[in-house]
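Please have the sequence and the model open before reading on.

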Amino acid sequence: MKAIRVKQLRQGNPTIQLENVENPVIAGPQEVVVKVLAVGLDGTDKEILQEKYGVPPEGEDDLTTGHESLGVVAEAGAESGFQLGDLVTAIVRRPCRNQSCVNCRNGHSDFCQTGEFVERGIKGAHGFLSEYYKEEGRYLVQVPKELLKHGVLVEPQSIVEKVWDQVLRVQQRLIWEPRTALILGSGPLGLLAAMTCRLLGLEAYVWSKSPQDSLQAQLVKDSGGVYKEAGADSGSAATMTAYADGLGKPIDLILECTGYSPLAFEAMSVLAPNGVLALLGVTPADRKLEISSDMLNQSMVLENKCVLGSVNASRKDFETAIYRLQQMEKQFPGWLDRLVTNRMTLEDLPKLDFKTIPIKAVVDIVPVEQWDELVKQTNEVVYSFSV
């Protein structure tokens with residue numbers, strides 16, 4: 001079968017190649033072979049494919065990339081819980097083997113304490129940019145056929161659901177009635193976060209570098225949110241702080257989706273009393289910044305502010321994401337279609353320039369017009385989620 005491989009990662013001179021690899025074979029009754037329909041690309045894929053920082057499986061030099069998957073069950077072990085034709089996506093992270101990690105031992109690898117976890121397509125395990133992959137049934141999430149068109153977005157939406165679930169848990173510390181959310185960044189994650197805030201009944205304001213007449217800005221406006229181009233004004237009005245102050249209302253929730261760390265510290269001072277700043281963007285780890293540490297410390301302590309970081313997601317977050325995407329399509333039909341701006345094939349990836357992608361790219365392993373005939377959903381899908 002065909003697969004995208006980042007070659008010779010451990011040897012320091014990696015290349016991206018489309019090559020033939022062995023087809024997966026079921027080795028146990030809990031395993032499933034999935035025929036891949038499509039894989040979404042995000043900022044992590046960009047860094048892996050351009051910066052070549054991914055970690056291959058133990059004992060190997062190459063890594064099959066891709067972690068946002070949509071596929072159909074092609075072969076199912078007797079104890080997997082799946083049937084041929086089931087539409088599925090895959091949870092990305094696998095628990096570490098360290099018995100001292102209480103979270104991984106109890107099914108919460110998204111809160112791994114050791115850092116020894118494995119992530120498919122990213123760290124220690126091959127991903128999904130291939131024609132087929134093998135997985136244990138416990139790491140697959142069934143997707144209803146009515147979400148066939150947008151099922152590839154379940155994984156990125158699960159990241160938004162994870163952070164909202166954690167915010168709600170943290171805010172049980174007080175009586176909290178949030179009204180206003182500020183989203184920093186208008187990439188796929190920022191746009192999904194903005195739409196989610198709108199569905200939750202929050203006023204959503206998006207601050208981003210994309211132009212005021214861009215598709216990103218239009219998608220925010222069409223969801224009922226407000227878009228502001230960063231730096232579009234002169235003087236002090238060009239800053240995020242000035243923009244937030246100009247809104248004239250408390251900012252109860254800030255979702256930082258850019259990965260630009262100076263914005264994270266600026267957001268701490270913008271946050272309203274009792275508010276939450278959620279950090280979803282990952283930074284390069286070498287930027288330095290001079291900050292007003294005393295002022296920030298006083299603000300965080302005296303105004304009961306909270307900052308939390310969130311990465312990866314659990315099964316419940318994936319299932320909530322399925323519900324939320326269905327609500328998006330129901331209330332804002334066509335909005336999710338516009339989020340995906342580029343569709344390509346495996347053959348396109350080795351020469352892909354990410355600068356040509358306005359918002360979201362999806363790699364179609366199987367042509368879209370063939371998807372419907374491959375999915376044979378015979379049972380009702382039952383989910384457990386929080387909204």
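## Cysteines

At 16% relative accessibility, Cys 257 counts as buried, where buried means under 20% relative accessible area, exposed over 50% and partly exposed in between, with a 1.4 Å probe and protein chains only. Cys 104 is likewise buried, with a relative accessible area of 8%.

The structure holds zero disulfides, a disulfide being a pair of cysteine sulfur atoms within 2.5 Å. For Cys 104, which is in no disulfide, the nearest cysteine sulfur is that of Cys 101, 3.7 Å away; Cys 257 is in no disulfide either, and the nearest cysteine sulfur, that of Cys 197, lies 8.9 Å away.

## Basis of the values

This is a predicted model, in which local features need pLDDT of at least 70 and side-chain atom pairs count only at pLDDT 80 or more, while totals for chains, interfaces and linings use all residues. Residues are numbered from 1 along each chain as its sequence is written, and side-chain values use heavy atoms, with hydrogens and water left out.

## Lining of the second largest pocket

Strand S1 (2-7), strand S8 (118-120), strand S9 (124-125) and strand S10 (132-136) each supply at least two residues of the lining of the second largest pocket, and the largest share, five residues, comes from S10. Strands here are DSSP runs (E, at least two residues), numbered from the N terminus.

Conventions
Helix = DSSP H or I, 4+ residues; strand = E, 2+ residues; numbered from the N terminus.
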